[in-house]
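Me: I'm new to this one. Can you walk me through a few spots in the backbone and on the surface?

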Amino acid sequence: MRSSLIWTGISGLAFFVKATVVVLLGASGWFVEDKVTMQLPMVAIPAAAIVLFSIPAAKAIRAAAVKASKEPLTVQDRLAAAAPGWVFPVLVSFVGSLAAAVQAFFIAQWPLKIGTVIAVWSVYAMVVYLLWIRQKRSYCHFVVTGSPKTGTLAVRISWKFGVLLPVVLVAAVGFMFGAKASRLPERMSMADHMHAHTGGNAPQFVNVTELTGPRTRTPDRSFTLEAKKTMITLPSGERKEAWTYNGQIPGPELRVNQGELVEVTLINKDIDEGVTNHWHGVDVPNSEDGVAGLTQDAVMPQERHVYRFTAEQAGTNWYHSHQQSSKQVQMGLYGVFIVEPDTTLPYKTADMAVVLHNWQVENGTSVSLGELNRLQRKIAEPGTLVRLRFVNAGNMRAPIHISGVPFQVAAIDGTDIHEPEDMTDSRLDLAAGGRYDVTFVMPNTVVGISRQTGPFAHDGNVLVISPSNEGIPPDAVKGPIFDPASYGTPAKTKFGLDTRYDRNYKLVFDNRLGFYNGKFTFVHTINGNVFPDAPMHTVREGELVKITFVNRGFDDHPMHLHGHHIQVLSRNGKAVTGSPWIADTLNVAPGETYKVAFIADNPGIWMDHCHNLDHAAVGMSAHLAYEGVFSPFEIGSATVNLPE
């Protein structure tokens with residue numbers, strides 16, 4: 001009796017929590033079809049049965065127990081206490097809660113497939129039926145014998161073992177087949193992959209290797225980047241192997257002028273897995289994009305590869321390897337690439353790039369701002385226009401606190417803000433892979449930049465800017481979070497919410513437990529799938545494209561579309577009211593919905609992936625393919641190209 005009441009309370013709590021969550025998520029715009037069609041009914045139906053049958057029966061049994069203290073129970077009282085009708089809903093509630101959890105953690109998908117609904121409900125119904133048979137038999141035994149059906153210890157153990165063994169076997173077989181089915185092919189042609197996603201009917205007559213930058217003209221700027229292993233010393237004194245460009249972290253800062261032809265020679269000295277260079281934020285021709293297995297083969301040890309492109313758009317960008325990027329960027333293969341405008345600035349400017357990065361060390365994660373977690377000092381004369389180019393090379397949103405001066409966000413992802421406004425003590429949350437350009441006029445006092453609030457004197461991970469290379473800035477304080485959707489003033493744009501678009505796509509992000517490439521892990525899905533089953537959207541050159549991003553999971557997903565910049569139209573149903581918000585990396589937080597647009601003006605096959613590179617490593621990568629374009633490259637463990 002007591003255990004039944006406990007389970008009744010637990011089931012009621014489970015229903016209340018589930019119903020509340022579904023209502024709140026639905027009201028927030030999350031896709032809750034599976035929760036409404038499966039999870040909620042599985043706890044709601046038994047909860048209703050508990051209210052209608054179990055609770056009244058429990059009250060009657062309790063009254064009979066009170067009566068029994070004065071006189072013996074009647075046969076009818078004993079039968080009522082053993083009746084399956086009041087215990088059964090409690091058991092079903094437990095099964096429903098378990099089934100809802102299994103569906104949420106293992107079978108979450110969008111769009112929801114009717115076959116999934118039928119399969120889940122069929123299993124649920126079968127288990128409920130078996131429970132009913134068991135309870136009914138126990139009741140019949142009690143009616144006949146007048147005592148519960150317990151059996152000998154050996155019988156009880158064998159019965160439980162007989163139930164548990166099939167469950168364990170089914171789980172083991174499912175685990176084995178799930179792991180096997182999730183393994184990526186040892187060799188997969190990207191051309192075949194495209195055929196699978198386009199129905200195999202689209203003609204393919206343009207090779208991505210033909211979509212190059214200028215090949216014959218003498219370059220205006222030439223650089224050489226050598227990828228190699230380098231031992232570094234962290235501020236803690238720990239010696240650590242890093243993978244570097246030209247032996248330094250970050251790699252060399254590359255600065256060019258707008259309109260210049262740039263040539264970069266990448267040499268791999270000794271990175272065994274191979275390397276590439278992806279120009280993050282630069283809309284280069286497809287062949288220059290630097291994605292192993294899609295636009296080129298990885299550059300193996302003692303090999304080299306030449307990239308050539310025209311730096312058409314001024315702004316702050318960065319470069320990093322796109323071969324095993326989750327590992328190689330973390331190990332140090334990244335650097336800043338700045339395209340300076342072809343205009344003369346009105347007065348003296350102090351221009352500084354500040355890279356944010358996370359290091360895996362012995363005691364966890366060490367964050368850095370600029371250099372490796374050291375107190376850094378820079379000098380700027382009063383009255384100088386200071387421009388700080390923040391680049392987030394980490395996997396998570398990075399907070400930035402600026403104290404001691406009013407400042408403006410002058411650009412997002414390399415695109416200028418229209419009429420930016422002064423802010424004080426506002427916190428900047430910079431998306432993984434994203435960039436903010438911050439400007440201010442240097443005062444006579446000290447300015448501080450930190451990744452956390454609190455006294456600067458006790459935090460070595462800061463940048464201090466002063467007129468005399470000394471002094472401590474004011475403490476970093478908690479302030480409002482910078483919101484790009486309402487910052488600056490409106491300006492004329494190419495797109496709007498009411499624009500007629502040629503293509504409309506939707507990407508829904510989620511997370512669940514599952515297999516990826518043979519490993520059981522926490523996978524992050526796009527429309528219920530991971531690479532190579534994640535979407536590959538097709539466009540034609542010149543089309544206007546609108547994409548809706550929906551995050552119904554519980555992690556941030558900074559989505560990065562290669563080769564294009566997107567304009568953010570709305571967030572959570574509200575139109576952008578400030579300056580046109582142009583980005584190439586957009587952080588979609590849990591529960592958020594964005595509508596974005598771009599013009600298909602850069603032919604090729606482009607990645608559209610989460611720039612939390614750990615998420616991309618477990619398959620959170622979609623693609624954008626132009627009709628008629630194909631890739632001759634292959635990916636897989638039997639090739640030099642490792643997918644990410």
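This is a predicted model: local features need pLDDT of at least 70, side-chain atom pairs count only at pLDDT 80 or more; totals for chains, interfaces and linings use all residues.

Me: Okay. Where is Pro250 found?
Reply: Pro250 sits in the loop between β4 (239-245) and β5 (254-257).

Me: And what is the peptide bond from Ile249 to Pro250, cis or trans?
Reply: That bond is cis, with omega near -15 degrees. In general, most peptide bonds are trans.

Me: What about the bond from Phe531 to Pro532, cis or trans?
Reply: Phe531 to Pro532 is cis, and omega is near 10 degrees. Pro532 belongs to the loop between β23 (519-526) and β24 (536-539).

Me: Where is Gln324 found?
Reply: Look at the loop between β9 (315-320) and α8 (325-331).

Me: Is Gln324 buried or exposed, and why?
Reply: Gln324 is buried, because its relative accessible area is 18% and buried means under 20%.

Me: Now Asn517. What is its phi?
Reply: Asn517 is not a glycine, yet its phi is positive, about 55 degrees. Asn517 lies in the loop between β22 (503-516) and β23.

Me: Why does Asn517 count as partly exposed?
Reply: Its relative accessibility is 34%.

Me: On to the surface. Which residues gather in a patch of negative charge?
Reply: Asp283, Glu312, Glu541 and Asp601 do.

Me: Pick Glu541. Where is it found?
Reply: Glu541 is in the loop between β24 and β25 (544-551).

Me: Buried or exposed, that Glu541, and why?
Reply: Glu541 counts as exposed because its relative accessibility is 56%, and exposed means over 50%.

Me: Last one, Thr585. Which strand does it lie in?
Reply: Thr585 lies in β30, residues 585-588.

Me: Is Thr585 buried or exposed?
Reply: Thr585 is buried, since its relative accessible area is 6%, under the 20% limit.

Me: What does the side chain of Thr585 make a polar contact with?
Reply: The partner is the side chain of Asp584, at 2.8 Å.

Notes
Residues are numbered from 1 along each chain as its sequence is written. Side-chain values use heavy atoms; hydrogens and water are left out. Helices (H or I, at least four residues) and strands (E, at least two) are DSSP runs, numbered from the N terminus. Buried means under 20% relative accessible area, exposed over 50%, partly exposed in between (1.4 Å probe, protein chains only). Patches are made of residues with over 30% relative accessible area and no salt bridge: like charges are joined within 9 Å, nonpolar side chains (Val, Leu, Ile, Met, Phe, Trp, Tyr) within 5 Å. Accessible areas come from the Shrake-Rupley method with a 1.4 Å probe; for residues, only the protein chains shown count as cover. A salt bridge is a side-chain nitrogen of Lys or Arg within 4 Å of a carboxyl oxygen of Asp or Glu. Lys and Arg count as positive and Asp and Glu as negative; His and the chain ends are not counted. The place of a charge is taken as NZ of Lys, CZ of Arg, CG of Asp or CD of Glu. A polar contact is a pair of N or O atoms within 3.5 Å; within protein, one must be able to donate a hydrogen and the other to accept it, and residues adjacent in sequence count only if both atoms are side-chain atoms.
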